[in-house]
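Hi everyone, thanks for making time this morning. Let me put the model up on the screen, and then we can walk through it together.

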Amino acid sequence: MSDPRRLPQLHIGKVPIYGDLILAPMASYGDLPFRTLCGEMGSAFSFLPCVLDEGVLRNPRRTSGLVEFASEERPIALQLLGRQADTLVAAAEALMALRPDIMDLNAGCPARRVFYRGRGAALLQDPLQLGEFVRRLVAVLPVPVTCKIRLGWDDTTRNYLEVAHILEESGAAAISVHGRTKEQGYSGVADWRAIGEVVARVSVPVLANGDVRTVADIEAIKAQTGCAAVLIGRGAVGNPWILARRDLGDVPWSERLALIRRHLAAMQDYYGDTQGLMLFRKFVVKYVATLEGANALRPRLMEAQTAEALLALLEQGVEAASSAQV
Ligand SMILES: Cc1cc2nc3c(=O)[nH]c(=O)nc-3n(C[C@H](O)[C@H](O)[C@H](O)COP(=O)(O)O)c2cc1C
């Protein structure tokens with residue numbers, strides 16, 4: 001992912017980042033095969049989905065699968081979920097055995113099981129404590145510490161400017177901002193203007209995030225916020241070409257099918273034939289989302305029992321859609 005002939009677009013701490021688009025951390029999607037593919041497309045570092053600090057400490061074996069990465073993916077950012085400084089620090093120190101390049105703290109997850117226990121977006125409710133967590137991590141880790149936040153808990157407590165200021169004061173080397181509150185979940189529209197306010201407030205790099213689905217969105221969020229880089233989550237699922245600044249409509253189906261084949265093969269290599277195929281289902285429905293006839297094709301794709309059967313169905317679906325257009 002790093003290219004010595006190119007200049008880095010930004011630095012996170014001392015880590016040079018070659019590019020301004022990054023696949024956002026996404027549990028259940030952001031596994032090694034998909035991250036590798038997105039890295040080839042241009043994702044400038046690998047931002048792994050969150051792992052629970054207590055899980056890292058109690059059951060390192062189980063966690064190790066969740067934080068597995070390939071050296072070609074570097075730079076690597078690992079992300080922790082936690083609610084207590086000592087546990088976060090102990091887990092982060094344990095994860096250092098993997099030699100990540102960046103350690104991120106999740107202060108944005110809106111899932112009930114996470115925030116009910118005081119983790120993820122719940123950390124936004126006590127910015128001073130969040131700052132203390134970051135300070136403690138910065139004090140012991142040999143790598144830059146970053147934090148991913150939302151705009152606040154709800155519409156009445158949009159404390160992103162205070163949070164961002166405290167994070168910077170506490171030594172965070174970069175801040176990712178998803179332009180929604182916890183209460184919004186994934187509804188409504190991401191507020192890019194608010195992300196721009198964060199950019200103006202802090203001097204560390206800000207990674208802007210939320211609702212980037214097209215190349216025009218990339219340029220718009222960059223122009224509106226002045227961010228150092230853009231995190232793309234859902235917009236890359238079914239369309240990893242966005243990380244190469246290509247809109248889906250500009251990618252011919254022959255090229256899409258070739259990549260789909262490669263993605264499926266990588267998943268079967270990584271997880272084994274059966275599990276790889278099963279886990280690929282959530283991707284394939286996104287790959288065909290814009291295909292005419294996708295509604296009828298989807299249930300059949302979900303039932304395919306082998307890679308060959310799934311690929312044959314896909315090819316037939318593409319063929320049928322293109323002959324329908326003629
Ligand atoms: C299925 C899924 C899993 C996610 N997992 C994580 C995660 O592990 N850590 C995190 O910080 N954000 C996580 N997110 C949030 C994304 O990183 C991102 O902030 C959000 O999807 C908004 O960006 P988008 O509009 O580009 O998707 C997840 C989002 C989705 C949809």
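Ser28 sits in the loop that runs between strand E3 (21-23) and helix H1 (32-41); helices (H or I, at least four residues) and strands (E, at least two) are DSSP runs, numbered from the N terminus. Its phi is near 75°, a positive value in a residue other than glycine. Is Ser28 buried or exposed? Ser28 is exposed, because 8 other C-beta atoms lie within 10 Å. For that term, buried is 20 or more other C-beta atoms within 10 Å of the residue's own, exposed is 12 or fewer, and partly exposed is in between, with C-beta atoms placed from the backbone.

Two housekeeping points before I go on. Residues are numbered from 1 along each chain as its sequence is written. Please keep in mind that this is a predicted model, where local features need pLDDT of at least 70 and side-chain atom pairs count only at pLDDT 80 or more, while totals for chains, interfaces and linings use all residues.

Arg245 also has a positive phi, near 55°, and is not a glycine either. You will find Arg245 in the loop between strand E10 (229-232) and helix H10 (253-271). With 15 C-beta neighbours inside 10 Å, Arg245 is partly exposed. While we are on backbone geometry, the peptide bond joining Arg74 and Pro75 is cis, with omega about 0°. Pro75 belongs to the loop between helix H3 (60-66) and strand E5 (76-81).

Now, the sheet. Eight strands make an open sheet with parallel pairing, in the order E3-E10-E9-E8-E7-E6-E5-E4; two strands pair if DSSP finds at least two bridges between them. E3 and strand E4 (46-52) are at the edges with a single partner strand each, so one side of each has no neighbour in the sheet. From one strand to the next, the twist averages 25°.

Let's zoom in on one pair. Strand E8 (residues 174-181) and strand E9 (residues 206-209) run parallel and are joined by four bridges. Within that pair, His178 stands opposite Asn209 in E9. Helix H8 (residues 192-201) packs on the sheet, touching strand E7 (145-152), E8 and E9, and its direction makes about 150° with that of E8. Axes here are lines fitted to C-alpha atoms, for helices over the stretch in contact, and angles run from 0 to 180 degrees between N-to-C directions. Contact means C-beta atoms, placed from the backbone, within 7 Å.

Which residues does Gly131 touch, leaving aside its neighbours within four places in sequence? Gly131 is in contact with Ile166, Leu167, Glu169 and Ser170. This glycine is part of helix H6 (residues 127-140), and Gly131 is buried, as 22 other C-beta atoms lie within 10 Å.

On to the ligand. There are 22 residues around the ligand, and Ala24, Pro25, Pro49, Gly233 and Arg234 come nearest; to be near, a residue needs its C-beta atom, placed from the backbone, within 6 Å. By class, this shell holds 10 nonpolar, nine polar and three charged residues. Ala, Val, Leu, Ile, Met, Phe, Trp, Tyr, Cys and Pro count as nonpolar, Asp, Glu, Lys and Arg as charged, and the others, Gly among them, as polar.

Last, the domains. The assignment gives domain 1 (10-247) and domain 2 (252-325), with bounds that come from an automatic or database domain assignment. Their C-alpha centres lie 30 Å apart. Six residues from domain 1 and eight residues from domain 2 take part in the contact.

Definitions and conventions
Two residues are in contact if their C-beta atoms, placed from the backbone, lie within 7 Å.
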